Amino acid sequence: MNLALWIVAGLLAAVMLVGGTTKMFVPKEKLGATAHGGWTNDYGDGFVKTLGALEFLAAIGIILPAVVDIAPIMVPVTAVCWVLLMIGAMITHLRRHEKLPVAANLIYLAMAVFVAWGRFGPESFTG
């Protein structure tokens, strides 16, 4: 179980890192021209960059606290925050009738729920 939680957290961290870095450093106009990036046209540049920064920080928060054993409770807390972010992402894509991103966000949400459940419960770093 511990290994599965590490693997899922690592996969989520990769998704968060790529998504966050893209939103922070790729111009919003370029993001808006991609297949499922049209949602960025509905929001300001500052919002998209802030969202990217939050995703980047989430990539750190879902792995680093456990690795360095400093505040490992931040791992499941980060996973819960990611669940909330994915709910918002799914709402945004549902409003735009984009089914594929909703499915991807649902998978990421389920992965984050698994990490939160596992790290708050049976495979807690404090127990």
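Leu51, Glu55, Ala58 and Gly61 in helix α3 meet Met74, Val75, Thr78, Trp82 and Leu85 in helix α5, where contact means heavy atoms within 4.5 Å. The residues of this contact divide into six nonpolar, two polar and one charged. In that division Ala, Val, Leu, Ile, Met, Phe, Trp, Tyr, Cys and Pro count as nonpolar, Asp, Glu, Lys and Arg as charged, and the others, Gly among them, as polar. The model is predicted: local features need pLDDT of at least 70, side-chain atom pairs count only at pLDDT 80 or more, and totals for chains, interfaces and linings use all residues. Residues are numbered from 1 along each chain as its sequence is written, and side-chain values use heavy atoms, with hydrogens and water left out.

Two packed helices are described by the angle between their axes and the distance between the axes. Helix α3 covers residues 45–61 and helix α5 residues 74–95; they pack at an angle of about 145°, with their axes 9 Å apart. The axes are lines fitted to C-alpha atoms, for helices over the stretch in contact, and angles run from 0 to 180 degrees between N-to-C directions. The helices themselves are DSSP runs (H or I, at least four residues), numbered from the N terminus. The crossing of α3 past α5 is left-handed, a term used if the near helix is turned anticlockwise from the far one by less than a right angle.

Leaving aside neighbours within four places in sequence, Trp82 is in contact with Leu12, Val15, Met16, Glu55, Ala58, Tyr108 and Ala112. Trp82 also belongs to the largest nonpolar core, which has 22 residues. A nonpolar core is a set of buried Ala, Val, Leu, Ile, Met, Phe, Trp, Tyr and Cys residues joined through side-chain atoms within 4.5 Å. Buried means under 20% relative accessible area, exposed over 50%, and partly exposed in between (1.4 Å probe, protein chains only). The members that touch the most other members are Leu12, Met16, Ile62, Ala79, Trp82, Ala112 and Val115. Two or more residues each come from α1 (2–25), α3, α5 and α6 (99–120), and α5 gives the largest share, seven residues. In soluble globular proteins, nonpolar side chains tend to be buried together.

Leu109 lies in helix α6 and counts as buried because its relative accessible area is 14%. From Leu109 to Ala79 the C-alpha distance is 8.7 Å, although the two are 30 residues apart in sequence. Ala89, in helix α5, is buried because its relative accessibility is 19%.

The loop between α5 and α6 holds His97, which has a positive phi of about 60° although it is not a glycine. His97 counts as exposed because its relative accessibility is 71%. A positive phi, of about 55°, also belongs to Ala71, again not a glycine. Ala71 is placed in the loop between α4 (64–68) and α5, and at 41% relative accessibility it counts as partly exposed.

Aromatic rings come next. The whole structure has three aromatic pairs; rings of Phe, Tyr and Trp (its six-membered ring) pair if their centres lie within 6.5 Å, and planes under 30 degrees apart count as stacked, over 60 as edge-to-face and the rest as tilted. Tyr43 and Phe47 form a stacked pair, 4.8 Å centre to centre with 25° between the planes. Ring pairs link Trp39, Tyr43 and Phe47 into a cluster. Tyr43 is partly exposed at 29% relative accessibility, and Phe47 is partly exposed at 41%.

The last stop is at the two ends of the chain. Trp6, in helix α1, is partly exposed at 30% relative accessibility. Beyond residues up to four places away in sequence, Trp6 touches Ile63, Ala66, Val67, Arg119 and Phe125. Trp6 and Ile63 are 57 residues apart along the chain, and their C-alpha atoms are separated by 8.2 Å. Ser124 lies in the segment after α6 and touches Gly118 and Arg119, with residues up to four places away not counted. The C-alpha atoms of Ser124 and Gly44 are separated by 39 Å.
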